[in-house]
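Thanks for coming. I will go through one structure today, starting with a helix and the charged side chains around it, then the chain as a whole.

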Amino acid sequence: MKYIVVLGDGMADEPIDALGGMTPLDYADTPNMDRIAREGACGLLRTVKDEFEPGSDVANLSVLGYDPATCYTGRGPLEAASMGIDLGPADYAYRFNLVTVRDGVMEDFNAGHITSEEGADLIGSLAVPGADFHPGISYRNLMVVHGAKGSVTTPPHDIVGQAVGPHLPSGGDAPLLMRCMDAAREAFADHPVNRARVAAGRLPATTIWPWSGGKRPAIPDFRGRWGLAGGMISAVDLLNGIARYAGMEVIHVPGATGFIDTDYQAKARYALDAIERLDFVYVHVEAPDEAGHMGGVEEKVKAIEGVDGLIGTILDNFDGTVAVLPDHPTPIRLKTHTRTPVPFAIRGEVKDSTACFSEKEAAKGGFGLHEAADFLPLLFGRKAA
C-alpha cells in the first residue's frame with residue numbers, strides 16, 4: 001500500500017461574518033477534499049499539546065508521529081538541517097525574520113514578503129561577532145550562535161500591530177540577539193534594497209527578529225519506525241529540516257514558493273512522480289497559513305481552492321490511500337495559530353457517512369477525536385508504533 005498526505009498549513013479557521021458565518025474551508029469550492037471525505041472517513045485531530053505553543057513545528061512533528069516532548073528543541077535547528085548547516089554541540093540555531101518595525105510596533109512580520117534575493121543582499125551587510133547569518137527563502141532566514149546559552153523569544157507573527165518592547169528576547173543569549181537586531185537596524189536603514197522598496201511603494205525590512213532557537217535534535221528514522229520509505233514536498237525549510245532529520249527524501253519542486261502564488265499543480269505532479277519510488281509522500285502547502293497571518297479572507301479561500309486542485313490531480317492519478325488535513329488553525333480574526341483540534345479525512349479502508357470536508361462535518365466523522373500520535377496508525381491501518 002502507498003500513501004499520500006496533503007497538509008494545508010493553517011487551513012482550519014473560525015466562522016467569518018464576511019462569508020455568511022462559514023469558515024473559509026466551508027466556503028471554498030473543494031470538490032476533491034469533499035470526495036476524500038465522502039469516499040472515506042473523517043475525524044478531528046489534536047495536534048498541539050497544552051505544554052507547547054501552537055506552531056507548524058510542533059504540529060507537523062506530531063502529525064508525522066513524533067513526540068515533541070522528546071525530539072523538539074526549537075524551530076531554528078530544523079530549518080538549519082534543511083539549509084545543510086551542521087550544528088556543533090554548543091551551537092544554537094535561531095530562525096530570524098526580516099521584519100518591519102516602525103515607532104516600536106511590529107508592522108509586518110515578513111517585511112512585505114520580501115524576496116529571497118533582496119533578503120540575501122540585506123543579510124550580506126550584517127557582521128556581528130559570535131553569530132553567523134544564513135539567508136533563506138523570502139523573509140525566513142537563520143542565524144547560528146556559538147557557545148549559546150538559549151533565550152526566550154516570541155514569534156513575530158504573534159505580535160503584529162503590537163509594541164515590540166514587551167516581547168524582546170530574554171535569557172542567556174539575549175544580549176547577543178539584541179546586538180544583532182541593533183546591527184541590522186543600522187545596516188538596513190539606508191540600504192539600497194530598502195531604498196528601492198520604499199521607492200516602489202513596498203515595505204522596507206527595518207531589522208531582524210530572532211526566535212525559536214534550539215540545539216540539534218534527535219528525531220527517529222521514519223523508515224526504521226514504520227517500515228516505509230518516505231518523502232517530503234514543501235517550500236518551507238522547517239518541513240524539509242524535519243524530513244532530513246527523519247531520513248525522508250526531500251523533494252524540491254520548481255515554482256513552490258511558500259506563499260499563495262505557489263505552483264499547486266507542480267506539487268501534485270512531483271508527488272505522483274515520487275510515489276512511484278516511495279511508499280509515503282507528505283505534501284505540505286504553506287499558502288493557507290500565510291493568508292491567515294495576513295488576515296486575508298479572499299486569499300485564504302483562494303489558497304484552500306489551490307490545495308483542492310492539487311488533491312484533484314492526485315486523486316485522478318493515484319489509487320492508494322490519500323489524506324487531507326491542516327496542522328493547526330490560523331484564524332483570520334486572530335492572524336496567528338491556535339491549538340483547536342483540526343479536521344482530517346482519509347480515503348482508505350474505513351468509510352463513514354460524512355458528505356464533505358469541513359471543521360463542522362469532521363466533528364461528526366467516524367474516526368472521532370484523536371491525538372496526533374494516532375494519525376499515522378489510522379492512515380496505515382495499524383496500531384501505534
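H3 is mostly covered, with eight of its eight residues buried; buried means under 20% relative accessible area, exposed over 50%, and partly exposed in between, using a 1.4 Å probe and protein chains only. Helices (H or I, at least four residues) and strands (E, at least two) are DSSP runs, numbered from the N terminus. Before going further: this is a predicted model, where local features need pLDDT of at least 70 and side-chain atom pairs count only at pLDDT 80 or more, while totals for chains, interfaces and linings use all residues. Residues are numbered from 1 along each chain as its sequence is written, and side-chain values use heavy atoms, with hydrogens and water left out.

The buried residues of H3 include Ser56, Asp57, Asn60 and Ser62. Just after H3, glycine 65 takes a positive phi of about 90°.

What aspartate 57 does have is a polar contact of 2.7 Å between its side chain and that of tyrosine 72. A polar contact is a pair of N or O atoms within 3.5 Å; within protein, one must be able to donate a hydrogen and the other to accept it, and residues adjacent in sequence count only if both atoms are side-chain atoms. Beyond four places in sequence, aspartate 57 is in contact with residues including Ser212, Leu238 and Ile242, where contact means heavy atoms within 4.5 Å.

Arginine 75 forms a salt bridge with glutamate 79, closest N and O atoms 2.9 Å apart. Both lie in helix H5 (residues 75-82), four residues apart, about one turn of the helix. Arginine 75 and glutamate 79 are both buried. Glutamate 79 also meets arginine 95 in a salt bridge of 2.8 Å, N to O. That pair links distant parts of the chain, glutamate 79 in helix H5 and arginine 95 in strand E3 (residues 91-102), 16 residues apart. Arginine 95 is buried too.

Now some other sites. Aspartate 273 forms a salt bridge with arginine 277 at 3.1 Å. Aspartate 273 counts as partly exposed because its relative accessibility is 46%; for arginine 277 the value is 44%, so it is also partly exposed. Arg35, Glu39, Asp316 and Arg347 are linked in a network of salt bridges. The count comes to 18 salt bridges.

Asparagine 32, in helix H2 (residues 31-39), counts as buried because its relative accessibility is 17%. A polar contact of 2.9 Å joins its side chain to that of aspartate 308.

Finally, the whole chain. The protein has 15 helices and 13 strands. Its radius of gyration, 20 Å, is close to the 21 Å that the globule rule gives for 385 residues, so it is as compact as a globular protein of that length. The radius is taken over C-alpha atoms, and the rule is 2.2 Å times the number of residues to the power 0.38. Buried residues make up 59% of the 385.

Note on methods
A salt bridge is a side-chain nitrogen of Lys or Arg within 4 Å of a carboxyl oxygen of Asp or Glu.
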